[in-house]
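Try each task before reading its solution.

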2 protein chains.
Amino acid sequence: MAPVHDGDGPHSEVEVLLRSARRACGPLARSSAEQRDAALRAVAEALRGPARDAVLEANALDVADARRAGASAALLDRLRLDGVRLDALAEAVETVAGLPDPVGRLHDRRTLPNGLEVARMNVPLGLVALVYESRPNVTVDAAALCLKSGNAVVLRGGREAARSNAVLASLFGGPLRQAGLPESAVCHLPPGDRSEIVALCRAVGLVDLLVPRGGPELVERVVAEARVPVLQHARGVCHVYVDGDADLAMAERIALNAKVQRPGVCNAMETLLVDRACAPAFVPRIIRAMRAAGVEVRGDASVQALVPDVVPATEADFDTEHLALVLSMAVVEGLEGALAHIARHGTRHTEAIVTSDPEKGRRFVREVDASLVLVNASTRFNDGGQLGLGAELGISTTKLHAYGPMGLEELCARKWVAFGSGQVRA
Amino acid sequence: MAPVHDGDGPHSEVEVLLRSARRACGPLARSSAEQRDAALRAVAEALRGPARDAVLEANALDVADARRAGASAALLDRLRLDGVRLDALAEAVETVAGLPDPVGRLHDRRTLPNGLEVARMNVPLGLVALVYESRPNVTVDAAALCLKSGNAVVLRGGREAARSNAVLASLFGGPLRQAGLPESAVCHLPPGDRSEIVALCRAVGLVDLLVPRGGPELVERVVAEARVPVLQHARGVCHVYVDGDADLAMAERIALNAKVQRPGVCNAMETLLVDRACAPAFVPRIIRAMRAAGVEVRGDASVQALVPDVVPATEADFDTEHLALVLSMAVVEGLEGALAHIARHGTRHTEAIVTSDPEKGRRFVREVDASLVLVNASTRFNDGGQLGLGAELGISTTKLHAYGPMGLEELCARKWVAFGSGQVRA
């Protein structure tokens with residue numbers, strides 16, 4: 001028996017939900033790819049037609065409540081669903097349905113000297129719990145990835161999207177049933193007073209993986225409370241370092257893309273580091289380009305010396321995930337200076353160097369501790385879709401199991417399997 | 001700053017040790033395989049000659065104390081070191097030194113349509129902490145594996161082996177220094193009142209991986225306390241299921257090997273399940289063979305009906321890791337019955353089927369949730385050396401990151417690396 005809650009059981013309801021989801025694990029693990037894909041395609045169908053009104057209605061109520069509560073325009077935008085977004089969501093689900101089945105895939109096959117054939121076989125993790133905020137499309141994306149990989153999932157979204165999430169999660173019930181799969185494979189846990197998050201954190205033996213996805217406060221709270229395995233999707237204070245050897249036109253293109261193409265996401269650049277060797281040539285130029293793109297640049301003393309009207313950067317700026325058109329900028333003493341700055345301020349998310357010296361690139365790749373380290377490319381590539389994983393549940397900055405995007409492979413465990421003909425150990 | 005301890009700092013000493021070990025991580029991650037292997041070979045050399053007397057002297061004191069405290073013969077045997085065991089230990093260290101360097105190894109290389117070359121690169125996890133019991137050779141084995149894989153390690157062994165472990169851990173200092181590596185790469189944490197274990201469990205941001213290795217009480221305590229990532233090496237209630245289709249001579253050979261070849265280890269069989277279809281033919285025969293090998297057989301009602309003088313098995317027997325020449329035995333209703341029994345009593349460690357029907361074998365492999373599932377082979381193969389990993393730190397029954405033996409690959413994280421020529425995201 002798993003102790004789901006420390007105190008007297010206000011969380012019998014969470015335990016009941018988890019046990020119900022857990023009962024789906026066996027049938028899911030034994031299900032065929034055809035069953036799981038059929039369920040996913042039916043969900044996409046529902047998003048395109050029959051369920052659309054119910055989703056939009058629930059969402060309109062969530063948006064209205066959030067507006068009354070004084071939510072920011074950015075939050076309202078993340079919360080809002082419309083026909084175009086539901087079409088995109090349906091397409092995303094169909095993309096997941098079309099990916100190769102990860103379950104049962106064999107890795108590292110070999111025959112041992114004694115004739116034993118061994119391999120590692122992908123199996124579902126079991127029950128995945130996701131605690132997330134704001135964007136209701138995460139409900140569908142996450143449920144689709146978990147179902148595709150044969151995992152049951154419990155979804156605990158934010159209070160602001162409670163109605164939208166409940167309706168979106170409910171869309172899986174009919175398709176699961178029709179595919180001969182248990183409806184409790186996708187469970188929605190209504191947001192309450194947050195004690196239900198603690199109950200998820202403590203559900204040893206019931207939850208195989210807990211993924212917090214949201215602001216630093218949520219992620220840090222879950223990591224502190226968790227007794228079950230956690231992969232955290234933490235904040236990204238991502239750097240681009242422009243080496244003295246860099247092609248400055250390429251450096252400008254990469255830095256602009258990393259900062260401006262979608263500033264509100266975790267793999268956007270927050271800090272630009274410039275080698276002192278090219279600072280006089282590059283700093284004024286990139287500040288002009290950034291400003292033209294609407295970016296506020298905050299520079300250290302060396303940047304200020306080159307562009308006197310720049311906003312002075314505080315030490316705190318270099319530890320801040322701005323998630324906005326704000327850029328921290330510092331001049332560093334070559335590669336060593338960049339490595340030291342990143343070791344101090346980086347968050348193990350995404351780091352890039354621009355250089356024309358392959359040896360410097362290799363050294364940067366070897367020495368920087370981050371889930372993706374790039375040479376001569378934008379930080380924006382740290383994404384499951386971009387890296388060829390098809391889709392992702394989030395980007396892990398935990399080094400164990402998944403470091404970087406969590407795709408279908410990362411939603412599987414790899415058990416060992418061995419086929420013999422009577423082998424025994426001598 | 002990482003909160004190493006909840007209360008007022010009795011564990012400043014643990015924190016100081018961890019910070020010192022942590023400072024070794026950077027130099028270790030940047031070190032060459034030649035440096036690490038040279039240090040390992042020098043440790044092996046010391047074990048063979050110069051350090052031998054000091055090790056044996058410290059060990060003799062530990063053994064004498066344990067004997068005075070009334071330790072069992074089994075514990076005294078696990079604790080005791082002698083020339084032969086130190087030679088074997090030296091050879092094990094040399095074997096690790098001779099394995100290919102896992103650090104920097106690339107996996108899953110591919111070129112994306114935009115020309116970006118991506119791969120996953122092995123990097124050390126960082127700082128590994130091991131909490132273990134009894135056998136002092138674990139000190140050297142674990143330190144060797146961590147050093148080989150570029151990880152710093154903090155070793156907290158059992159009180160009964162405190163002197164032996166301190167001397168064995170100290171053997172790494174000189175070789176590390178001579179190889180140009182920080183001595184704090186291998187740190188011994190003297191066993192105290194166990195509050196130091198809690199401090200390791202809470203060292204978020206300092207300890208990248210905590211591995212408890214020992215009795216169920218130790219492992220469960222660490223899992224309950226841990227805020228840092230844990231891979232648990234839990235108990236193995238391992239089953240062999242003999243299907244009605246099995247070659248009974250092969251079944252007898254496998255069952256005997258799984259039970260008798262080394263009964264005190266986690267991958268030994270604890271329960272034999274026999275298909276009702278072959279029970280009349282197999283149960284009397286295997287009980288005769290087991291008894292001839294000195295095994296006490298405890299059978300359920302169906303076994304008792306076939307061999308009346310068998311010891312009756314209690315329900316508790318089927319959840320017990322005997323680790324001795326005791327075998328629980330039950331008759332089950334075919335493959336379905338075996339799968340149900342294993343789902344109820346298994347511990348995700350090692351499970352085997354003996355059958356001549358390949359489809360039953362495949363179904364058993366697919367449906368049984370364990371770190372190694374075998375067809376027609378002994379459970380004793382769940383071992384890093386046997387499975388071709390070279391060596392192991394333990395066997396993980398945690399599904400994330402490593403499920404099964406933890407070898408050098410499992411002591412690495414896989415970060416993504418990308419080499420581009422100016423790619424930006426559209």
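Two residues are in contact if their C-beta atoms, placed from the backbone, lie within 7 Å. Keep that cut-off at hand for the packing steps, and remember that this is a predicted model.

**Exercise 1. A helix and its neighbours**

Solution: 

Step 1. Next, pick out the buried positions. For this step, a residue is buried if 20 or more other C-beta atoms lie within 10 Å of its own. In helix 3 of chain B these are Arg36(B), Ala39(B), Leu40(B), Ala42(B), Val43(B), Ala44(B), Ala46(B) and Leu47(B).

Step 2. Apply the contact cut-off to those residues.

**Exercise 2. The four-stranded sheet of chain B**

Task: Work out the strand order of the open sheet in chain B, and name the helices that lie across strand 4 of chain B.

Solution: 

Step 1. Going across the sheet of chain B, the order is 5-4-3-6, with parallel pairing.

Step 2. The edges belong to strand 5 (186-188) and strand 6 (209-213) of chain B; each has a single partner strand, so one side of each has no neighbour in the sheet. From one strand to the next, the twist averages 15°.

Step 3. Zoom in on one pair. Strand 4 (residues 152-156) and strand 5 of chain B are joined in the parallel sense by three bridges, and Val154(B) is found opposite Cys187(B) of strand 5.

Step 4. Helix 1 (residues 12-23) of chain B lies across strand 3 (127-132), strand 4 and strand 5 of chain B, at about 150° to strand 4. Helix 7 (residues 137-148) of chain B lies across strands 3, 4, 5 and 6 of that chain, at about 165° to strand 4.

**Exercise 3. The sheet of chain A and an enclosed helix**

Task: Describe the open four-stranded sheet of chain A, then explain why helix 7 of chain A is largely enclosed.

Solution: 

Step 1. The strand order in chain A is 5-4-3-6, and the pairing is parallel. Strand 5 (186-188) and strand 6 (209-213) of chain A are at the edges, with a single partner strand each.

Step 2. Three bridges link strand 4 (residues 152-156) of chain A to strand 5 of chain A in the parallel sense. Within this pair, Leu155(A) has His188(A) as its bridge partner.

Step 3. Helix 7 (residues 137-148) of chain A packs on this sheet and touches strand 3 (127-132), strand 4, strand 5 and strand 6 of chain A, its direction making about 165° with that of strand 4. Helix 8 (residues 162-170) of chain A lies across strand 4 and strand 5 of chain A, at about 160° to strand 5.

Step 4. Helix 7 of chain A has twelve residues and reaches 17 Å between its first and last C-alpha, close to the 16 Å expected. Eleven of the twelve are buried, so the helix is largely enclosed by the rest of the structure; among them are Val138(A), Asp141(A) and Lys148(A). After the helix comes Gly150(A), with a positive phi near 75°.

**Exercise 4. Where the chains meet**

Task: Characterise the side of chain B that touches chain A, and find a strand pairing between the chains.

Solution: 

Step 1. Count the contacts: 56 residues of chain B touch 56 residues of chain A.

Step 2. Assign them to elements. Those giving two or more residues on the chain B side include strand 2 (117-124), helix 12 (248-260) and strand 16 (412-423) of chain B. Strand 16 of chain B provides the largest share, eleven residues.

Step 3. Sort the chain B side by class: 27 residues are nonpolar, 16 polar and 13 charged.

Step 4. Finally, look for the pairing. Strand 13 (residues 372-377) of chain A runs parallel to strand 16 of chain B, and five bridges join them. Leu374(A) has Ala418(B) as its bridge partner there.

Conventions:
Residues numbered from 1 in each chain as written. Chains lettered and ligands numbered in written order. Predicted model: local features only at pLDDT ≥ 70, side-chain atom pairs only at ≥ 80, totals over all residues. Pairing = 2+ DSSP bridges. Axes fitted to C-alpha atoms, helices over the stretch in contact; angles between N-to-C directions. Nonpolar A, V, L, I, M, F, W, Y, C, P; charged D, E, K, R; others polar. Expected span 1.5 Å × (residues − 1).
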